[in-house]
Amino acid sequence: MPRLFLFVLCVLFALVVQAKSVTSVTPKPAPNSDQPTQLIEVSGLQVAHALRQQYGLHGAVAMTRTAHKILDSFVDESQAAFLWQSALDGVKAESRQKGQQPLFGIDTHALAGLVLAANTHGMTTDQWQRTLLPLDLGQAPLKPLLDSRDELDIYLHLPGIWDRFLQAMRERPHVHWQLVFKPILTPAPEPAVTANPSPWDVLLEWTSQPEREKHLADLALLINQHQDKLPLMQRALLKKLIQLTLNKDRQQPLAAALNWLEAFSIARTYLADWLKTEGKRLEPLVENNDTWFVAHHDVMLRIDERLPELLERSFQQLKRPDQTPPVDFQQHMAAVFFSLPDIHAYLAQPFRRLLQQQLEVCLNISEEETPLPDEPIEQRQYTGCLEDLAHWAGELAKSDEMTGNLNSPEDNAALARVLELPPWQIINTLYAMEAREDCLTEEQRKANPFEWFLGSESLIWFNDRWPQYLQKYHPTAFLQWPINTSWQLQKGFACLKQPIHATLARRLAQVVAQWQHVKQLITAVADEYRQQHLKPGSDIDLLGSVQQVSHYRPENLQIGPCDPKNTCGVHSQLEPSRALLALFPNHLLLADQLNLGTIRLCYDDVGWEDRKAGPTHLSNPAVANYYGHLALSLKGFYNNKLVFARRIQSLQKYHYLFGRNGDKVLQLSCPLPILGEQIVTQLPEGTHGLLPNRLTFLTAARANPDAIVKHNWTTGEEWRDRLADELRVKVLASNPLEEVRLLVEEKFIEHTSAVQKTLYGLLLGQQQARSETQQALLDAAREHHLYRQLVQAMASVFITDTLLFDPAVHGIFYGSERLPDKAMLADFFRQQIAIREANARFELYQEKAVQTWLKQPQDEAGEGERKAFRALDPVLLKLLEQKTRASTTTTNDSGIP
């Protein structure tokens, strides 16, 4: 049965007893009830001290909770003894397990005072803190306190709790309680009352000891013995510093940071004068904590980026108590504790104006009065304010203006308007987005927890000024409103379609998928820019580095003659290969694409090499056949500056010429000028005058260089590939033109900066789109930001205390490696982090967030959120105490109302 359900039963019980006395079912007498009564001769302080010494903090609390369960539902003595022994065995087993959970607890009263004093006329923190009366366990129901997550609070209240238990036992004298609760009810010497040293000196001594948790029992005993001599806020500070120290020992940095911020707010705001005098003895503790948080700076950043700066400022202000804290410190505190980035703007909304006026009227009534004033205020003033404050916490906190309506937004535009409000103000809209339509009704409506919290704390504060008025006027109907509202908050979100774990996992996956779409459009926008501003065919990645390797191939690039006069009749246009273009240094390929210049390939100095002459079949010494290897030079130019030159020679020897026999012809590497030239020779035998005594030949080409080059370029000897191999050709020249590199870097930065600025402008919604592709990116980025906001808002509502106290989950939404959001993107832009690097981090952080969430315990629909808002339990407990004081309470046989 949910603890709040039991709690509400206690409340309803208190209401009914005014009309009828109600008692619980009389327990069956124990089998040995005819035996003489056994006296219980121990005190609550003795039992508490024994539990603390034997079982430690968690064990003492666990055993006390078990005792409450036994006393509240006891039927059989042997069964009770079995339950007690089982709890003992469980505590012993837990003590052997490694790793400890953080100690939770928030000083809701102090935080409410900070908020109201900073935003309400007529209220100061001094007026707020000096009014609060301590919790009175004599009448208040114990179940809300024992169900609280604040184990240290329970631990420090153990003497009062066990006094109540012992009284209940004495009212059942026939039960052998010493046998049930052995051995803690065995008479033992009453703990000696320690001399009255300063608790602050004892605290400092305790913090310097090793294994502090083992020595906590003695410190708690001293506090219990002398707590009445300490002002309430000093007691609150003392508890918070103990909690802080234990969380540090447990290596729980998030819980420790929250503890410190609360301790600072109490000390700096409520105890400023005390801090300048007696508080100076805490300087070593302040220094030690400062050192600890500095050492954990990187850890804190990964948990919550806001915390390191906030912690540093708090230590600086404590070390300079004469300085006034910046007015925005409370703002930052509220952002951390309440998920309200701008609490002042929220509290100043027009729909809260009447509420604020009513609150300030009641504050002004109380302004000049001290607690328990001699001259009372009028009944109508008291009841009027009480009703206004209870109405605020119980009814207004559920209004549409404060909680949103029970309908899902119709489209993204409507959702964007909704998400401009804090999560608490749209709790019902968020609920409706994940609820079954046939289930969600007005009865399922949730209240704004923040408004309930402020209203309830104000109600408690107002009643604590005149506690006797509650007993005089019995305004139980008014007090029931905020109590019912809290019950409604804590009973869960029963109409969800899926368990909360699955719901948030789906929303996380939606954010990740949306970013993948954004990433694709980022590439498309960068490609569009390249097509518009760089040369056709460019492969420069404007999201990459200037050191990137380019595989650029200019469109329509052909290799032709450098100078037709030097190509020996070769005139073909040859296809370049990627390997040939790679002969250009990378920065020159980039320069061409960036329109800084033009690269060009051509062939030159075509001719025959290794030439030899041989006889012809005519046996005429005047003519000869010429043989040789065809060669050419491939040259690369950038803006007509030679970059490289390579010469290739055919492997095959060609019969390239028939011509005059002689060295002059042999020396011609390109015989093109003499082709067709006549060769006149004398006949060696003569013709005896019958015919002219000569023969005439024509110089003729026997090979076609152009055909040879075309054949061998990509097939045959594959010159195109051989030219790219430095070992297979002759390198004639190499000039990388390094002076161009700087120009390339400057131009590249100019273009990439323009692209980065455009992309960041679109991603952040700070720039209007100029093309369809840019508009698509702008829309996708807005949708990604929208769903990122949505998943955080849902987490704030559905897993409130997990989000506040669990470091891993907290880091998903607030850490330096959180689920990426618009603020992180804006920070990347300010740091001039390239989009590619930003995307790499985004994907890493997204994967980390998803994996972290998948490791969280799964829950059933409507169950996991029942623990939400437990951080506000002290408010609820105080409300019940106020209500109990106003009623004549009849207890059941257990003595536990």
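A residue counts as buried when its relative accessible area is under 20%. With that in mind, let's walk through some disulfides of this predicted model. A disulfide is a covalent bond between the sulfur atoms of two cysteines.

The count here comes to four disulfides. Numbering the bonded cysteines along the chain gives the pattern 1-2, 3-4, 5-7, 6-8.

| Disulfide | S to S distance |
|---|---|
| Cys439 to Cys495 | 1.9 Å |
| Cys562 to Cys602 | 1.8 Å |
| Cys568 to Cys670 | 2.1 Å |

Let's start with the bond that joins Cys439 to Cys495. Its partners come from distant parts of the chain, 56 residues apart: Cys439 sits in the loop between helices H24 and H25, and Cys495 in the loop between helices H27 and H28. Both Cys439 and Cys495 are buried. The torsion about their S-S bond is about -70°, so this disulfide is left-handed.

Next comes the link from Cys562 to Cys602. Cys562 lies in the loop between strand E1 and helix H29, while Cys602 belongs to strand E2, so the bond ties together parts 40 residues apart in sequence. Cys562 is partly exposed at 25% relative accessible area, whereas Cys602, at 1%, is buried. A torsion of about 90° makes this disulfide right-handed.

Finally, meet Cys568 and Cys670, whose link is right-handed, with 105° about the S-S bond. Cys568 is in the loop between E1 and H29, and Cys670 is in the loop between helix H31 and strand E6, so parts 102 residues apart in sequence are tied together. Cys568 is buried at 7% relative accessible area, and Cys670, at 17%, also counts as buried because the cut-off is under 20%.

Notes: Residues numbered from 1 in each chain as written. Predicted model: local features only at pLDDT ≥ 70, side-chain atom pairs only at ≥ 80, totals over all residues. Heavy atoms only, no water. Disulfide = S-S within 2.5 Å. Helix = DSSP H or I, 4+ residues; strand = E, 2+ residues; numbered from the N terminus. Buried < 20%, exposed > 50% of the residue type's maximum accessible area, 1.4 Å probe, protein only.
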